[in-house]
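Please read this briefing alongside the sequence and the structure.

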2 protein chains.
Amino acid sequence: MPGEFDFISWVRSQQAADDLVQLPAGDDLAVLRWPSSDLLLIGVDQVLDGVHFDAGVHPPRAIGRKVMNRNLSDCAAMGCLPAAAVATVALPFGGTLDYAKELYHGLREAGDPYRCRIVGGDTASWGGKLAVTVTILGSSEGVAPVTRKGARPGDGIYVTGSLGGSILGRHMTFEPRVQLGRSLAENGIASAMIDLSDGLSRDLAHICEQSGVGAIVEAEAVPIHADVARLPADGRTPLQHALHDGEDYELLFTSAVPFAQVIHIGRIVKEPGVWLLREGQAEALTPMGWEHRI
Amino acid sequence: MPGEFDFISWVRSQQAADDLVQLPAGDDLAVLRWPSSDLLLIGVDQVLDGVHFDAGVHPPRAIGRKVMNRNLSDCAAMGCLPAAAVATVALPFGGTLDYAKELYHGLREAGDPYRCRIVGGDTASWGGKLAVTVTILGSSEGVAPVTRKGARPGDGIYVTGSLGGSILGRHMTFEPRVQLGRSLAENGIASAMIDLSDGLSRDLAHICEQSGVGAIVEAEAVPIHADVARLPADGRTPLQHALHDGEDYELLFTSAVPFAQVIHIGRIVKEPGVWLLREGQAEALTPMGWEHRI
């Protein structure tokens with residue numbers, strides 16, 4: 001973009017040092033002092049025009065919020081607390097300083113409620129489409145991270161909300177389940193956890209694979225979001241949408257402890273494989289989830 | 001790309017836990033135990049098709065190496081040691097698993113000599129051009145990071161190699177000056193340091209601005225790379241190329257201590273501004289460096 005260095009100066013002016021951030025963005029690297037008692041969790045996620053958003057439809061602030069929220073959702077799924085982030089923006093030629101600022105405001109709007117500081121970034125203009133990435137650092141702060149490996153036969157399978165049809169808008173506007181994920185970790189409730197980005201069928205398969213177990217999902221128990229009824233007819237049933245649509249950003253977890261505030265949808269079994277139990281009949285639940293294409 | 005999940009599985013199989021990495025890539029986030037005595041340095045850099053490389057010309061392994069080396073060069077400029085990285089790849093539709101693996105091999109080829117572990121990533125296919133990002137974590141390991149703020153009037157200005165014409169190939173093949181940067185920090189030689197990505201005129205201005213000082217560069221002392229003579233004629237002098245071309249990835253630093261192994265090109269002064277001293281005459285050295293476009 002014209003004035004790339006103006007943008008970098010502006011971003012720099014938005015930042016301050018604190019206990020964690022010894023030297024904020026503006027040098028070759030930012031300098032953090034990580035608390036010695038805390039594990040450092042790290043991951044990265046990108047959003048791409050035409051895949052995760054449509055730059056012709058979605059305003060830059062919503063795009064910024066989405067990419068930050070995807071990363072916050074990863075923190076939720078590990079039960080850790082967001083601490084800091086760095087971002088990149090690849091901006092199509094002709095993009096304005098105001099547009100870039102709106103992207104940044106979106107990142108901040110999503111991150112600020114969780115005290116997730118933006119400590120660095122890189123921006124460039126190019127002859128390509130808009131791409132934004134966020135790398136997030138989360139902190140364990142006294143709670144062991146919940147992985148995908150801990151599911152055990154006999155555990156119940158739970159989701160934190162209803163599923164399907166997020167394409168109608170929720171994929172841009174979801175709230176990451178940071179506090180709920182933290183609470184599930186803190187209280188030792190979740191034995192394994194993941195956030196539902198790829199779709200229940202695929203994400204449950206990830207847990208099963210990593211934990212070396214299988215799962216049975218009860219068809220009648222899967223909560224179907226009201227959005228599904230508003231989808232244009234495409235030959236798929238409401239249950240299929242709830243099982244496969246993806247980008248719900250609810251938490252999917254397993255637990256040996258019954259937990260009332262969430263929705264019980266099935267159980268972990270010893271035999272590998274993911275099964276859908278419908279009217280007493282088990283059928284293979286083949287992962288058909290979202291592979292990152294709008 | 002077709003088989004995105006195959007690629008993620010493959011990447012996962014390339015990784016292992018160690019003292020730093022408690023849980024490698026493959027969960028929502030990787031889990032690190034950061035040594036309590038070490039500062040954590042973090043930054044992110046991206047390379048974009050048509051700006052930082054040409055996907056029609058440069059093989060994926062070279063592209064992967066470049067983006068990792070840009071980040072390693074940031075570590076060099078702070079005098080810290082690379083420790084871990086996460087990467088994103090936005091791959092044009094039709095990209096193959098082999099192409100993605102070659103990108104990853106390039107990242108590893110550059111990072112492995114410095115024990116920089118790749119602990120996470122995100123990959124997606126899209127209708128856009130190739131974009132690759134790397135976020136790097138560096139560790140102070142007992143040496144205070146060198147910032148851009150420490151230049152003082154009277155300091156000498158130094159570069160670690162000759163400049164200009166990197167567009168002929170060196171911008172893809174440079175070696176990051178990690179050991180040299182570390183040595184300059186460890187021995188208290190560099191008072192301020194930056195890596196030359198935007199061009200000497202612009203990067204020196206960054207140091208002056210952050211340090212609240214000015215600089216005088218001696219025209220005759222600026223080392224001109226042999227590549228400059230091989231550039232097609234464009235009306236610019238060899239010195240102009242050395243001052244403004246960018247993507248040299250040499251270190252530019254200031255020091256109160258004369259240092260023989262590098263090239264002395266000028267001195268820091270109290271008055272703001274960057275000046276070029278030619279045949280006894282000072283002229284303003286206006287930043288005209290690289291703004292990220294091939």
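Strand S10 (residues 251-255) of chain A has both of its faces covered, with A:Leu251, A:Phe253 and A:Ser255 buried on one side and A:Leu252 and A:Thr254 buried on the other. Here a residue is buried if 20 or more other C-beta atoms lie within 10 Å of its own, exposed if 12 or fewer, and partly exposed in between, with C-beta atoms placed from the backbone. This is a predicted model, in which local features need pLDDT of at least 70 and side-chain atom pairs count only at pLDDT 80 or more, while totals for chains, interfaces and linings use all residues. Residues are numbered from 1 along each chain as its sequence is written, and chains are lettered from A and ligands numbered from 1 in the order in which they are written.

- Strand S7 (residues 156-159) of chain A pairs with S10(A) in the antiparallel sense over four bridges, and A:Val159 stands opposite A:Leu252; strands count as paired if DSSP finds at least two bridges between them.
- S8(A) also runs antiparallel to S10(A), joined to it by four bridges, with A:Met193 standing opposite A:Phe253.

**Helix H6 of chain A**

- Helix H6 (residues 200-211) of chain A has 12 residues and reaches 16 Å from its first C-alpha to its last, close to the 16 Å expected at 1.5 Å a residue, where the expected span is 1.5 Å times one less than the number of residues.
- Because 10 of its 12 residues are buried, H6(A) is largely enclosed by the rest of the structure; among the buried residues are A:Leu204, A:Ile207 and A:Cys208.
- These buried residues pack against strand S8 (192-195), strand S9 (214-218), helix H8 (238-244), strand S10 (251-255) and strand S12 (273-278) of chain A, contact being counted where C-beta atoms, placed from the backbone, lie within 7 Å.
- A:Gly212, whose phi is positive, near 70°, follows H6(A).

**The sheet in chain B**

- In chain B, seven strands form an open sheet with mixed pairing, in the order S8-S10-S7-S11-S9-S12-S13.
- Strands S8 (192-195) and S13 (281-284) of chain B stand at the edges with a single partner strand each, so one side of each is left without a neighbour in the sheet.

**Relation and contact between the chains**

- In the interface, 52 residues of chain A are in contact with 52 residues of chain B, and S3(A) gives the largest share of the side of chain A that touches chain B, eight residues.
- Three bridges join S2(A) to strand S3 (residues 40-48) of chain B, and these strands run antiparallel, with A:Val31 opposite B:Leu41.

Conventions:
Helices (H or I, at least four residues) and strands (E, at least two) are DSSP runs, numbered from the N terminus. Two residues are in contact if their C-beta atoms, placed from the backbone, lie within 7 Å.
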